[in-house]
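Walk through this model from the overall fold down to single residues. Keep the viewer open as you read.

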Amino acid sequence: ISAYGPDVHALRGKTVRRRAPHVPSSRRILPPDSILRANKNVVLCVDIFFVDSIPFILAVSRNIRHVFVEVLESRAMVTRVLPLLKRLVDTYALQRFSVREIHGDPEFEPLRTEFLKPENGSIDVHICAPNAHVPEAERNIRTVKERDRATVAGLPYQYYPRILKVAIVKASARALNIIPHVNGVSEVFSPFTLIEGHHVDFKKHCALAVGSYCEVHDEPHPTNT
């Protein structure tokens with residue numbers, strides 16, 4: 001290792017492939033019954049925000065304080081937003097939580113009829129008044145954007161491709177879930193553990209900061225044959 005870090009040329013020329021580790025069969029961590037009894041029915045607060053003209057959807061659950069952020073290819077409610085929210089509802093259901101209400105601004109009006117259908121969970125969608133906002137979603141959007149700016153301030157790049165911008169936003173939101181929320185439902189279990197069903201693994205979830213320069217193996221044509 002030189003004064004400037006590992007010798008990149010030696011890494012590229014001498015590093016050999018290692019056998020991939022065995023994928024462990026870990027059981028999901030279900031929330032304690034005390035938390036489930038008090039918070040089984042979940043209210044999701046949703047909103048759409050933009051970072052450099054890229055649309056994202058944010059959904060935060062009241063009490064549990066789990067923050068979900070995903071990039072949107074478009075703002076089409078039925079074809080783009082609805083599948084993402086249905087997937088999130090299914091994630092809560094795996095942990096025995098039941099999403100009963102979704103709160104959003106008038107842009108989410110087309111989802112009101114869709115979520116009344118039994119196949120979509122029969123969820124009540126509450127729409128706020130025009131020019132009003134859902135405070136929980138707005139506050140978390142502000143926090144995510146603050147963390148985005150802090151991350152960019154610590155990176156040496158002048159130009160950011162779209163894939164890196166998306167990764168920065170999603171990493172900022174994910175970081176909000178990995179430690180117990182001060183106003184959450186548990187002082188022990190983080191929102192990540194309560195909803196994702198796993199403990200945070202530092203080597204897997206926190207070892208590399210977003211925007212880090214890494215020398216990795218390239219798999220241009222993965223195959224199972």
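How many helices and strands does the secondary structure of the protein chain come to? It comes to eight helices and five strands. Helices (H or I, at least four residues) and strands (E, at least two) are DSSP runs, numbered from the N terminus. The model is predicted: local features need pLDDT of at least 70, side-chain atom pairs count only at pLDDT 80 or more, and totals for chains, interfaces and linings use all residues. Residues are numbered from 1 along each chain as its sequence is written, and side-chain values use heavy atoms, with hydrogens and water left out.

Start with the whole chain. Along the sequence, its pattern reads α-α-β-β-β-α-β-α-β-α-α-α-α. Taken along the principal axes, the C-alpha atoms fill a box of roughly 60 × 45 × 40 Å. Of the 225 residues, 35% count as buried. Buried means under 20% relative accessible area, exposed over 50%, and partly exposed in between (1.4 Å probe, protein chains only). Now take the contacts between residues at least 6 apart in sequence: 62% of them join residues at least 24 apart. Contact means heavy atoms within 4.5 Å.

Next, the sheet. Its five strands form an open sheet in the order E3-E2-E1-E4-E5, with mixed pairing. Strands E3 (67-71) and E5 (124-127) stand at the edges, and each has a single partner strand, so one side of each is left without a neighbour in the sheet. From one strand to the next, the twist averages 25 degrees. Two strands pair if DSSP finds at least two bridges between them. Strand E2 (residues 54-61) is joined to E3 by five bridges, and the two run antiparallel. Isoleucine 57 stands opposite glutamate 70 in E3.

Helix H5 (residues 135-153) lies across strands E1 (41-51), E2 and E3. H5 runs at about 45 degrees to E1. Axes are lines fitted to C-alpha atoms, for helices over the stretch in contact, and angles run from 0 to 180 degrees between N-to-C directions.

What does H5 meet in H6? The axes of H5 and helix H6 (residues 162-175) come within 9 Å and cross at roughly 120 degrees. That makes H5 oblique to H6. Angles under 35 degrees count as roughly parallel, over 145 as roughly antiparallel, 65 to 115 as roughly perpendicular and the rest as oblique. On the H5 side, the contact uses Val144, Arg147, Asp148, Thr151 and Val152. They meet Ile168, Val169, Ser172, Ala173 and Ala175 in H6. The residues of this contact divide into six nonpolar, two polar and two charged. Here Ala, Val, Leu, Ile, Met, Phe, Trp, Tyr, Cys and Pro count as nonpolar, Asp, Glu, Lys and Arg as charged, and the others, Gly among them, as polar.

Finish with single residues. Aspartate 52 sits in the loop between E1 and E2. Its phi is near 50 degrees, a positive value in a residue other than glycine. Aspartate 52 is exposed, with a relative accessible area of 55%. Arginine 65 is found in the loop between E2 and E3. Its phi is near 70 degrees, again positive in a residue other than glycine. Arginine 65 is partly exposed, with a relative accessible area of 30%.

Leaving aside its neighbours within four places in sequence, threonine 193 is in contact with Ile29, Gln95, His198 and His199.
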